Amino acid sequence: MKKTFTFLIVLLSSVNIYAQENIDLLTYANTQDINFFSSIKNGAKVKEYITVSKNSVKMGDTLILGTPTSEEMNTRTYSGSYGTKARGGVAQSRSTSKKTYEFLQMGRPAGFGSIMAAMNGNAQSMADNSLKNTSVIVNEIITYHRGSKNKPLYVVMVLGEINGRAFGINKYLSVMDTELAIESGEVLLKNRKMTRDEAIAKLKEAKELMEIDMMSKEEFEKLKKELAPIITSKPQD
């Protein structure tokens with residue numbers, strides 16, 4: 001009887017650990033709810049994530065890399081001598097810049113420390129403009145705490161190339177903060193839902209087109225009816 005009781009305890013503990021490390025569905029609201037995130041371990045794998053804008057991202061989904069939002073500066077100094085003897089030296093420096101992603105890092109995340117370093121701008125290898133408009137596949141979705149276990153969660157995505165090709169010498173890319181990458185436009189979701197602000201802007205544009213006879217009143221009313229549920233919905237916090 002004692003052995004059976006001990007076995008049940010071990011089994012229940014194993015199930016609990018599994019629940020903490022494997023999440024079928026994670027929402028943005030979950031990531032901010034201490035009653036939920038306090039039981040989640042760093043590095044927990046997620047099958048599907050619902051963003052703050054109610055868009056779904058699943059393992060296996062295809063995404064598109066948008067426009068980089070950062071800029072990296074490189075400065076090189078060249079020096080040399082002149083004349084028949086080394087009578088003096090001359091040095092020149094040249095600076096170059098390239099567009100880099102703020103939230104897309106080359107390679108897989110190598111643990112919590114490197115993720116925090118990347119978010120603080122200390123990452124050594126961020127993706128650059130050459131990957132703009134690249135289609136990618138979501139290989140993994142992982143969640144981490146923003147510090148201690150009593151801090152909210154954020155979501156990291158590990159992206160792979162279409163057909164298993166590599167991004168140069170790296171097989172994977174890591175999106176270091178999914179929400180910020182989507183908000184900044186560095187990662188574009190296919191079939192994403194239109195935001196309230198986008199719906200208002202689209203309706204305003206349509207009204208202007210109607211006023212200059214570039215859109216019929218019937219077309220405008222149809223569009224207005226389609227956008228009304230988005231515009232009248234409660235804005236996200």
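**A walk around helix H7**

Let's start at a bend: helix H7 has a kink of about 35° at Glu226, shortly before the proline Pro229. Keep in mind as you look that this is a predicted model. Helix H7 runs over residues 217-232, 16 residues in all. From its first C-alpha to its last it reaches 21 Å, close to the 22 Å expected at 1.5 Å a residue.

Which residues of H7 are buried? They are Phe220, Leu223, Leu227 and Ile231.

Now step into the loop between H6 and H7, where you will find Met214. Is Met214 buried or exposed? Met214 counts as exposed because its relative accessibility is 60%, and the cut-off for exposed is over 50%. Together with Leu209 and Ile212, Met214 makes a nonpolar surface patch of about 310 Å².

Most residues other than glycine have a negative phi. Lys54, however, has a positive phi, near 70°. You can find Lys54 in the loop between strand S2 (44-50) and strand S3 (56-58). With 47% relative accessibility, Lys54 counts as partly exposed.

Asn133 is not a glycine either, and its phi is positive at about 70°. Look for Asn133 in the loop between strand S7 (126-128) and strand S8 (135-145). Asn133 is exposed, as its relative accessible area is 56%.

How values were computed. Residues are numbered from 1 along each chain as its sequence is written. This is a predicted model: local features need pLDDT of at least 70, side-chain atom pairs count only at pLDDT 80 or more; totals for chains, interfaces and linings use all residues. Side-chain values use heavy atoms; hydrogens and water are left out. Helices (H or I, at least four residues) and strands (E, at least two) are DSSP runs, numbered from the N terminus. The expected span of a helix is 1.5 Å times one less than its number of residues. The bend at a residue is the angle between axes fitted to the seven residues ending there and the seven starting there. Buried means under 20% relative accessible area, exposed over 50%, partly exposed in between (1.4 Å probe, protein chains only). Patches are made of residues with over 30% relative accessible area and no salt bridge: like charges are joined within 9 Å, nonpolar side chains (Val, Leu, Ile, Met, Phe, Trp, Tyr) within 5 Å. Accessible areas come from the Shrake-Rupley method with a 1.4 Å probe; for residues, only the protein chains shown count as cover. A salt bridge is a side-chain nitrogen of Lys or Arg within 4 Å of a carboxyl oxygen of Asp or Glu.
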